[in-house]
Amino acid sequence: MPTAEQLKERIEAGIPGSRAEVETADEVHFSARVVAGAFSGLSRVQQHQLVYGLFAPGELGGAIHALSLKTETP
Amino acid sequence: MSDNPLRDAIAEAIDQNDVILFMKGTPEQPMCGFSARTVAALQATGAPFAAVDILPDPRIRQELSALSNWPTIPQLFVHGELVGGADIVGELYETGELAQILGVEPPADAPAEAPAEAAPAGAPPLQIDNRLG
């Protein structure tokens, strides 16, 4: 079961130069705000896909029931 | 012929419906808060949309996610393109962009005459709740 801190580290490590704020009330539903230069020029869908790509197939919707995302460029 | 009829059926549904939402449950009875929020945003724009409940068969979700490279449900497609999940649809609704993307003017306009398309012959392999009528 990941913690909010672990998800934050994972996102920041997976998308170099990004900053992530991750919150969870129950360690199953998470919400994350991710700011990354790597998002520039990408559509919202592509930005979210970049973050989703850091997770194993089935992990989102599985151990992590939900990850609500808000992506921004710096 | 393809060796993956389910994936073909999903691709066809995306192709044949201008606006199609893959969700948990139905618009009348969403089975997940994220699906419920997305349906509410769509309904608020007044745009007609088709909906597919992915719950009856877990393979629908598997194949859909493989096709769209999007791991979670709901997923909204407009004119064959993935617009996003609950978060993006929510953002687009708040900024007013959703109505534009869906091709409906924000409420001011008189309700456009929606030509009731005849349902395609033969029962579709996916249970599509066709709300284009």
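These legends go with close-up views of a predicted model.

**View 1. Chain B from end to end.**
Start with the overall layout: chain B holds 5 helices and 5 strands. Walking from the N terminus, you pass them in the order α-β-α-β-α-β-β-α-α-β. Of the 133 residues in chain B, 37% are buried. If you take the contacts in chain B with a separation of 6 or more, 65% of them link residues 24 or more positions apart.

**View 2. Where chain B touches chain A.**
Here 9 residues of chain B are in contact with 12 residues of chain A. On the chain B side, the elements giving two or more residues are β4 (81-84) and α4 (86-95). What is that side of chain B made of, by class? Count 5 nonpolar, 3 polar and 1 charged.

**View 3. Helices α2 and α4 of chain B, side by side.**
Helix α2 (residues 33-45) of chain B packs on α4(B) at an angle of about 30°, and their axes are 9 Å apart. That angle makes α2(B) roughly parallel to α4(B), since the cut-off for that label is under 35 degrees. As for handedness, α2(B) and α4(B) cross in a left-handed way. From α2(B), look for Phe34(B), Arg37(B), Thr38(B), Ala41(B) and Ala44(B); they meet Ala86(B), Val89(B), Gly90(B) and Tyr93(B) of α4(B). Sorted by class, this contact of α2(B) with α4(B) has 6 nonpolar, 2 polar and 1 charged residues.

**View 4. Helices α1 and α3 of chain B, crossing.**
Now for α1 (residues 5-16) and α3 (residues 58-68) of chain B, which pack at an angle of about 65° with axes 9 Å apart. At that angle, α1(B) and α3(B) are roughly perpendicular to each other, because the label covers 65 to 115 degrees. The crossing of α1(B) past α3(B) is right-handed. On the α1(B) side you'll find Leu6(B), Arg7(B), Ile10(B) and Ala11(B), and they meet Arg59(B), Ile60(B), Glu63(B), Leu64(B) and Leu67(B) in α3(B). The class tally for the contact of α1(B) with α3(B) is 6 nonpolar, no polar and 3 charged residues.

**View 5. Inside the largest nonpolar core.**
In soluble globular proteins, nonpolar side chains tend to be buried together. The largest nonpolar core here has 47 residues, and the members touching the most others are Ala32(A), Ile20(B) and Leu21(B). Strand β1 (residues 19-23) of chain B gives the largest share of this core, 5 residues. Zoom in on Leu21(B): leaving aside neighbours within four places in sequence, Leu21(B) is in contact with Thr38(B), Val39(B), Leu42(B), Phe49(B), Ala51(B), Pro74(B) and Leu76(B).

**View 6. Two residues, two surroundings.**
Asp26(A) sits in the loop between β1 (19-24) and β2 (29-35) of chain A. Over in chain B, Ala13(B) lies in helix α1. Ala13(B) has 19 C-beta neighbours inside 10 Å, so Ala13(B) counts as partly exposed; buried would take 20 or more.

Note on methods:
Residues numbered from 1 in each chain as written. Chains lettered and ligands numbered in written order. Predicted model: local features only at pLDDT ≥ 70, side-chain atom pairs only at ≥ 80, totals over all residues. Contact = placed C-beta atoms within 7 Å. Helix = DSSP H or I, 4+ residues; strand = E, 2+ residues; numbered from the N terminus. Nonpolar A, V, L, I, M, F, W, Y, C, P; charged D, E, K, R; others polar. Axes fitted to C-alpha atoms, helices over the stretch in contact; angles between N-to-C directions. Parallel < 35°, antiparallel > 145°, perpendicular 65-115°, else oblique. Left-handed = near helix turned anticlockwise from the far one by under 90°. Core = buried A, V, L, I, M, F, W, Y, C linked by C-beta atoms within 7 Å. Buried ≥ 20, exposed ≤ 12 C-beta atoms within 10 Å, placed from the backbone.
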